[in-house]
Amino acid sequence: MSQRFSVSAPGRICLFGEHQDYLGLPVIAAAISLRLRIEGEPRPDRQIRISLPDIHQTESFTLQSEIPYDNQRDYYKSVINLLQREGAVIPSGYDIRLTSNIPINAGTSSSSALVVGWAYFLDRLARTAHIKTAAELADLAYRAEVEEFGEPGGRMDQTSISVGNVIYLESWPVPKVEALKPISGTFVLGDSQTAKDTLGVLKHVKYGMLEAVRKIREVNPGFSLHTFPAAQADEFRQLLTDDEFILFKGNLSDRDILLEAKTLLEKGNVDPVVFGNLLNRHQINLREAKRISTPKIDRMIDAARNAGALGAKINGSGGGGCMFAYAPDNAEAVAEAIEREGGKSYIITIDEGVRTELV
């Protein structure tokens, strides 16, 4: 590779299944038209020099067989280390320019877009490419972002960004990805511009639900979140605290909403009103049972619906960050309504996964 080279990677939204993947339940996610772009040209030495004009920062380091990490989540180096451990040879240093219009720390997977895009970029510079499929790219990105630093996290972000469009992802008993039909029409992403309270949310939602499952399995060892009928949730009412029982019912409901959505999306030619109603039902559980929404995001969602959106929900782990609305006919009015509530709006569509760009 002797010339200038460029790739881009999308952000993602979680359509259905927030806080389900760590329970072994499936998710449906979509790549979006906000993208991170990596451009680079070779250097005559072994230096990697990265310019980040969006945040007015730079970073540089020297290529070597195993690059030491200077901090947690040192993704530029972890991707290189994993590629080199698998036999990739990066022939030279590079001058890199990285730009993005994906909101940061807002639940749209800006970090995973960086890791996937960087892995894709470097693998195509290597003398012998090692990544042959989107699934292999997603796996390497997951290991570089999550396993290399002992972080918690599922595979939704890396898989959605690598594969693109709309995916159904199962994490249990083994990872399984299914491409679903793309959804036509526009969405509006609304950034509340309030940082996510990820740790606070996980304390309530994740560990509360895991404790509920533990209590249930003490009396019913064969219990499975995958198959237990939501209509029979009251069987375990006396075992659980009020909060645990609300979480339990909410997760069963979200599981079933996702399966309805999967059936709808598999058919293609999605009925916009039915799809929007599924998003609205999911949001009720996220707000009332999992309590991951915020007053500001609730106002943004209400404003979007009042302006004509067919459905809207919070996106990602919650406690701040973004929401999105499905607005196939009146995206501009919905975007303006979100901004009147203090959010920053982006009109978006479902998009491809990571790709090479023309330079």
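**Entry: the helix pair**

I looked up the crossing, and H2 passes H4 in a right-handed one. (A crossing is right-handed if the near helix is turned clockwise from the far one by less than a right angle, left-handed if anticlockwise.) This is a predicted model, where local features need pLDDT of at least 70, side-chain atom pairs count only at pLDDT 80 or more, and totals for chains, interfaces and linings use all residues. Residues are numbered from 1 along each chain as its sequence is written, and side-chain values use heavy atoms, without hydrogens and water.

H2 covers residues 110–125 and H4 covers residues 156–163. (Helices are DSSP runs of H or I, at least four residues, numbered from the N terminus.) I found a packing angle of about 55°, with the axes 9 Å apart. That makes H2 oblique to H4. (Under 35 degrees is roughly parallel, over 145 roughly antiparallel, 65 to 115 roughly perpendicular, and the rest oblique.)

**Entry: who meets whom**

I listed the contacts (heavy atoms within 4.5 Å). From H2 come Ser112, Ala113 and Val116; from H4 come Asp157, Gln158, Ile161 and Ser162. By class, the contact of H2 with H4 has three nonpolar, three polar and one charged residues.

**Entry: cysteines**

How many disulfides does a search of the whole structure find? It finds zero. (A disulfide is a pair of cysteine sulfur atoms within 2.5 Å.) I checked Cys14: the closest cysteine sulfur is in Cys322, 13 Å away, too far for a bond. Cys14 counts as buried, at 1% relative accessibility. (Buried means under 20% relative accessible area, exposed over 50%, partly exposed in between.) Cys322 is buried too, at 0%.

Technical notes:
Axes are lines fitted to C-alpha atoms, for helices over the stretch in contact, and angles run from 0 to 180 degrees between N-to-C directions. Helices (H or I, at least four residues) and strands (E, at least two) are DSSP runs, numbered from the N terminus. Ala, Val, Leu, Ile, Met, Phe, Trp, Tyr, Cys and Pro count as nonpolar, Asp, Glu, Lys and Arg as charged, and the others, Gly among them, as polar. Buried means under 20% relative accessible area, exposed over 50%, partly exposed in between (1.4 Å probe, protein chains only).
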